[in-house]
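Please read the following points with the sequence and the structure open beside them.

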Amino acid sequence: MTYIDTLNARFSGAFAISAFRGQNRVSIDAHKAPVVLFDMLKCLKMDCGFDFLCDIAGIDYLNYPNAADRYGVVYALVNTTTGERLFVRAFANDPEPELPSVMALWQGANWMEREVFDMFGIRFDGHPDLRRILMPSEFTAFPLRKDYPLRGYGERHNFQTITRSES
Amino acid sequence: MAISGLMPDYLVTRLDHVANLVRKHSLWPMPFATACCGIELMATAASRYDIARFGSEAMRFSPRQCDLMIVAGRVVMKMVPVMQRIWLQMPEPKWCISMGACASSGGVFDTYCTVQGIDRFIPVDVYVPGCPPRPEQLIRAVLDIQEKISRTGTMDAREFAARSSYEGPTSLAKELSPEEAIVAPGDYRTATRLRMPLN
């Protein structure tokens, strides 16, 4: 029984599955993701052998052709016994994109979720310490969103200047 | 012994001149290396290029012991208060070299986080172009600093008092309309970063 059968048996109708170059991708819609995502990842970890969370990545699908939901969060899982990889993509939407935190399953998700929050503003429910990790704490925007300008809003030039005579 | 009878054993000169002569041949660099320029900085200090020939081989990682800050590499906005704090910790007299395209102008990194030249936030004496610059260029910059010291230096560093205005380029932030700009200041006098309110 493959993990696809297991997922079909437990979460039938909650996800779509597609393959790309021999690797499977599981997608969960935005309205189902808050309920289904944690249980599905738990099932994949406990019962299907995907015991390693390799990476969490965020995607902004603003102005993307045929995109139904705005944000995607991709969980890259690895089965360390077989070397198999699986990508689970959960969607989220404005105005308050939110997904469940997977820190209860993988402690290593801590900083990865903080990074996705920092760059995209997607909140992770249940995360114990959801702060910015890359940008300074007083930064107000989410710079990897597609509607954020490449050069920023001028934040990088709003520091105090030191002249030579006063230093 | 014969010569001491012919020449006086004292010399009349300006105190500034002596101070400059001593200072410029023992510049102690503070290597503020954040990127690939730092590798060239290391190569400059290594035996092949040997910056010791020009008296600035004593790199110290404590700003309290340095008088030449070499900013080598790109500086992001999170780093600016740290850089300013290190600059303020260096004792007078002190000078600054902006090494490489990124430190001087932001280079190719015209993004939301990279500052477009460190001279917007701290005073810079010599700029070194290049991506990264060759070690010879950095040695040239040290020689330029030496020349600047010998021309303008004074015993009590009073030449710096005249440099009271902003020396960098026109601020890009002014090109933004006020409603578009977000003010996110870093406070280098109290801490490296502003504290967020607790709750």
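1. In chain B, 4 strands make up an open sheet with the order 1-2-3-4, and their pairing is parallel. Strands here are DSSP runs of E with at least two residues, helices are runs of H or I with at least four residues, and both are numbered from the N terminus; two strands pair if DSSP finds at least two bridges between them. Strand 1 (29-33) and strand 4 (126-128) of chain B stand at the edges with a single partner strand each, so one side of each has no neighbour in the sheet. On average, neighbouring strands of this sheet are turned by 15° against each other, direction ignored.

2. Before going further, please keep in mind that this is a predicted model, in which local features need pLDDT of at least 70 and side-chain atom pairs count only at pLDDT 80 or more, while totals for chains, interfaces and linings use all residues. Residues are numbered from 1 along each chain as its sequence is written, and chains are lettered from A and ligands numbered from 1 in the order in which they are written.

3. Strand 3 (residues 95-99) and strand 4 of chain B run parallel and are joined by 3 bridges; B:Ile97, for example, has B:Val126 in strand 4 of chain B as its bridge partner. Helix 3 (residues 37-45) of chain B packs on the sheet, where it touches strand 1, strand 2 (68-72) and strand 3 of chain B, and its direction makes about 150° with that of strand 1 of chain B. Contact means that the C-beta atoms of two residues, placed from the backbone, lie within 7 Å, and the angles, from 0 to 180 degrees, are taken between N-to-C directions of lines fitted to C-alpha atoms, for helices over the stretch in contact.

4. The sheet of chain A is open as well, with 5 strands in the order 1-2-5-4-3 and mixed pairing. Its edge strands are strand 1 (16-20) and strand 3 (52-60) of chain A, each pairing on one side only. Strand 4 (residues 71-78) and strand 5 (residues 85-92) of chain A run antiparallel and are joined by 8 bridges, and the bridge partner of A:Val78 in strand 5 of chain A is A:Arg85.

5. Helix 2 (residues 33-46) of chain A lies across strand 2 (23-28), strand 4 and strand 5 of chain A, and it runs at about 165° to strand 5 of chain A.

6. Taken as a whole, chain A has 3 helices and 7 strands, which follow the pattern α-β-β-α-β-β-β-β-α-β along the sequence.
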